[in-house]
Amino acid sequence: MPCSNMDGSLKMKLMFIGVAENPRGFPRGFQQSLPVSYYNSKKAWMTRQLFRTWFYDEFIPAVRKFSAEHDLEPSALLVLDNCTAHYDGCDDLKIDDGLIQVMYLPPNVTAECQPMDQSVINAIKTRYKRKLMLKLVLENEDLPLEQRLKNVSLRQSIDWIAEAWDEISQVTIENSWKKLFDEFPGCEWSMSEQAEDFFADFKSLVASIDGIAGTNTTDEQIQLWLEDRVVDSNGTTVSITSEVFRDEEIVSAVLNKADDLTFTEEEWLDTTPEALNGSALATENEEPEDIDFPTAMKSLDNVIQFVQNNPAQTLKLKTLRTELLEAEWKRRNL
């Protein structure tokens, strides 16, 4: 869940919802070192309680801190859709003086009136998907596609989505509001910025994956995937991201401790130690110039794992990892 102010000068950490309270392989107190705000729920869906916690524990403090730093009155209006995970129809979210509160949009207008829905969310997801495809094409090249997917860890997914959010510029956020307003006091819309030619090599990446999987993806299928559209058997677009639990489900969750997901292993998203370390690294006798791309990436992964308790060093190394993937993809397409 991305959240920012109108000009993108305040970009909050993404709210990331997983299944497990303590995902396998994450160190104790991992929340402090993540580039996202991590929450969990039974099906990794938004719930009213999670949203209330985020609003009071993260949104309000962030607004107050930003306002103090910029000598502004600590006020904000948070624009949201009225899905049941945000709003039960009667319980307004706001602070006592009313300076920070929520405005819920009417039904069926989110796609037209919610600025993040105008372009920002899709831009984040598209960048995330490209990072995923680069890994599938360039890493674990001796494995079939299914196994490559299984080697994607939850932590990698978190890092990719956080990187994608960081890559969203202030201009992109401003222009998402530009589609809603002809004029807005105090703002100067950027009229000259050209749309990024970010999607130019998507078809090439998909073609590479088709070669690995023995499939043939059509342009229409690529477009549906980029638009994040899921359709049911009738061809109707489906979007399920939130849930309100029935009373009997809540009672069952409390009584049946065997179903507690506190330490649930998200197996398909978690990398085993063997997969994380990969095959044996190059021997000490090898000359540096003999190190190939897969060996370099595996070595870098080991270094990242070694310094994982140092967020600053970890961030620098992961940025380098992303740059190496991009450079290798460009080299192969020369």
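Helices of at least four residues and strands of at least two are DSSP runs, numbered from the N terminus. In this predicted model, Arg52 lies in helix H1, which covers residues 48–69. The relative accessibility of Arg52 is 27%. Buried means under 20% and exposed means over 50%, so Arg52 counts as partly exposed. Arg52 and His86 are separated by 34 residues in sequence. In space, their C-alpha atoms are 8.0 Å apart.

The chain as a whole can be described in a few figures. Its secondary structure comes to 12 helices and six strands. The chain has 334 residues, and 36% of them count as buried. Among contacts with a separation of 6 or more, 66% join residues 24 or more positions apart.

Helix H5 spans residues 154–166. H5 has 13 residues and reaches 18 Å from its first C-alpha to its last. This is close to the 18 Å expected at 1.5 Å a residue. Of the 13 residues of H5, 11 are buried, so the helix is largely enclosed by the rest of the structure. The buried residues of H5 include Leu154, Ile158, Trp160, Ile161 and Trp165. Charged residues are also found in the buried set, including Asp159 and Glu163.

H5 packs against helix H12, residues 311–332. The two axes come within 12 Å and cross at roughly 80°. That angle makes H5 roughly perpendicular to H12. On the H5 side, the contact is made by Arg155, Gln156, Asp159 and Glu163. On the H12 side, Lys318, Arg321 and Thr322 take part. By residue type, this contact holds no nonpolar, two polar and five charged residues.

H12 also packs against helix H11, residues 293–306. H11 has 14 residues. From its first C-alpha to its last, H11 reaches 20 Å, close to the 20 Å expected at 1.5 Å a residue. Its buried residues are Phe293, Met297, Leu300, Asp301 and Ile304. Seen down the axis of H11, these buried residues fall within an arc of 105°, so they line one face of the helix.

The axes of H11 and H12 are 10 Å apart, and the helices pack at an angle of about 170°. H11 and H12 are therefore roughly antiparallel to each other. H11 contributes Phe293, Met297, Leu300, Asp301, Val303 and Ile304 to the contact. H12 contributes Thr314, Leu317, Lys318, Leu320, Arg321, Leu324, Leu325, Glu328 and Arg332. The residues of this contact divide into nine nonpolar, one polar and five charged. Lys318 and Arg321 of H12 take part in the contact with H11 and also in the contact with H5.

Val307 sits in the loop between H11 and H12. At 13% relative accessibility, Val307 counts as buried. Neighbours within four places in sequence are left aside here; beyond them, Val307 is in contact with Gln313, Thr314 and Leu317. Val307 and Leu317 are 10 residues apart in sequence. Their C-alpha atoms are 9.3 Å apart in space.

A further helix pair is formed by H7, residues 202–213, and H8, residues 219–226. Their axes come within 11 Å and cross at roughly 110°. That makes H7 roughly perpendicular to H8. Phe202, Lys203 and Val206 of H7 make the contact with Asp219, Ile222, Trp225 and Leu226 of H8. The residues of the contact divide into five nonpolar, no polar and two charged.

Backbone angles are considered last. Most residues other than glycine have a negative phi. Ala44 has a positive phi, near 60°, and is a residue other than glycine. Ala44 is found in the loop between strand E2, residues 37–40, and H1. At 28% relative accessibility, Ala44 counts as partly exposed. Asn140 is not a glycine, yet its phi is positive at about 55°. Asn140 lies in the loop between helix H3, residues 115–138, and helix H4, residues 145–150.

Notes
Residues numbered from 1 in each chain as written. Predicted model: local features only at pLDDT ≥ 70, side-chain atom pairs only at ≥ 80, totals over all residues. Heavy atoms only, no water. Axes fitted to C-alpha atoms, helices over the stretch in contact; angles between N-to-C directions. Parallel < 35°, antiparallel > 145°, perpendicular 65-115°, else oblique. Contact = heavy atoms within 4.5 Å. Expected span 1.5 Å × (residues − 1). Buried < 20%, exposed > 50% of the residue type's maximum accessible area, 1.4 Å probe, protein only. Arc of directions from axis to C-beta.
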